[in-house]
Amino acid sequence: MKKSHGPAFRKELRPLMVCGICRGATVVSGVFHQLDCTACNASGWICAQTGEALPPAELVQQLSLKLRNALAELARASQPLGGAHELYEQNNRRGAGGSNFTGD
Ligand SMILES: [Zn+2]
């Protein structure tokens, strides 16, 4: 079967979900010691589409993309404190002006 659109191996972020076997811990408890979780290649993540572990090479790449996105999100989340504050003040000023302008 041939897909009609584009080359097959484009590197893009695949949806991952936390492994249900180890619950993201990457290891499962054996009788005496913890064992690498085989369901997720000891990564704690599985493909959300297939529910299976990604091959190690792709897993590394996907986790890297995921980490990069997560860090970017984190940066975005911590950054706007200044911006949001400014926006808040602007809105406040506008709101105060607006509420004075009642017209009666
Ligand atoms: Zn697992």
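User: Is threonine 26 buried, exposed or partly exposed?
Analyst: This is a predicted model. In it, threonine 26 is partly exposed, because 16 other C-beta atoms lie within 10 Å.

User: Where is threonine 26 found?
Analyst: Threonine 26 sits in the loop between S1 and S2. Its phi is near 70°, which is a positive value in a residue other than glycine.

User: What about arginine 23, where does that lie?
Analyst: Arginine 23 also lies in the loop between strand S1 (16-18) and strand S2 (27-29). It is not a glycine, yet it has a positive phi of about 55°.

User: And arginine 23, buried or exposed?
Analyst: Exposed, because arginine 23 has 11 C-beta neighbours inside 10 Å.

User: Back up a bit. How many helices and strands are in the chain?
Analyst: The chain has two helices and four strands. Read from the N terminus, the order is β-β-β-β-α-α.

User: How much of the chain counts as buried?
Analyst: Of its 104 residues, 12% count as buried.

User: Which residues make up the largest nonpolar core?
Analyst: There are 10 residues in the largest nonpolar core: Leu16, Cys19, Cys22, Cys37, Cys40, Trp45, Ile46, Ala53, Leu54 and Leu59. As background, nonpolar side chains in soluble globular proteins tend to be buried together.

User: Take cysteine 40 from that list. What is it in contact with?
Analyst: Setting aside neighbours within four places in sequence, cysteine 40 is in contact with Cys19, Ile21, Cys22, Trp45, Ile46 and Ala53.

User: Ala53 turns up there. Where does alanine 53 lie?
Analyst: Alanine 53 is in the loop between strand S4 (45-47) and helix H1 (56-78). It counts as buried because it has 20 other C-beta atoms within 10 Å, and 20 is the cut-off for that class.

User: Which residues is alanine 53 in contact with?
Analyst: Apart from neighbours within four places in sequence, the contacts of alanine 53 are Ala39, Cys40, Asn41 and Ile46.

User: Switching to H1. What span does it reach, and what is expected?
Analyst: H1 has 23 residues and reaches 32 Å from its first C-alpha to its last, close to the expected 33 Å.

User: How many residues of H1 are buried?
Analyst: Two of the 23 are buried, so H1 lies largely in the open.

User: And leucine 65, which helix is that in?
Analyst: Leucine 65 is in helix H1. It is partly exposed, because 15 other C-beta atoms lie within 10 Å.

User: How many residues apart in sequence are leucine 65 and arginine 14, and what is the distance in space?
Analyst: They are 51 residues apart in sequence and 9.2 Å apart in space, C-alpha to C-alpha.

User: Where is arginine 14 placed, then?
Analyst: Arginine 14 belongs to the segment before S1. With 17 other C-beta atoms within 10 Å, arginine 14 is partly exposed.

User: What does arginine 14 touch?
Analyst: Not counting residues up to four places away in sequence, arginine 14 touches Cys47, Gln49 and Gln62. The C-alpha atoms of arginine 14 and alanine 48 are separated by 7.9 Å, and the two residues are 34 residues apart along the chain.

User: Last one, for the whole chain. What share of contacts with a separation of 6 or more comes from residues 24 or more positions apart?
Analyst: Residues 24 or more positions apart account for 36% of those contacts.

Technical notes. Residues are numbered from 1 along each chain as its sequence is written. This is a predicted model: local features need pLDDT of at least 70, side-chain atom pairs count only at pLDDT 80 or more; totals for chains, interfaces and linings use all residues. A nonpolar core is a set of buried Ala, Val, Leu, Ile, Met, Phe, Trp, Tyr and Cys residues joined through C-beta atoms within 7 Å. Two residues are in contact if their C-beta atoms, placed from the backbone, lie within 7 Å. The expected span of a helix is 1.5 Å times one less than its number of residues.
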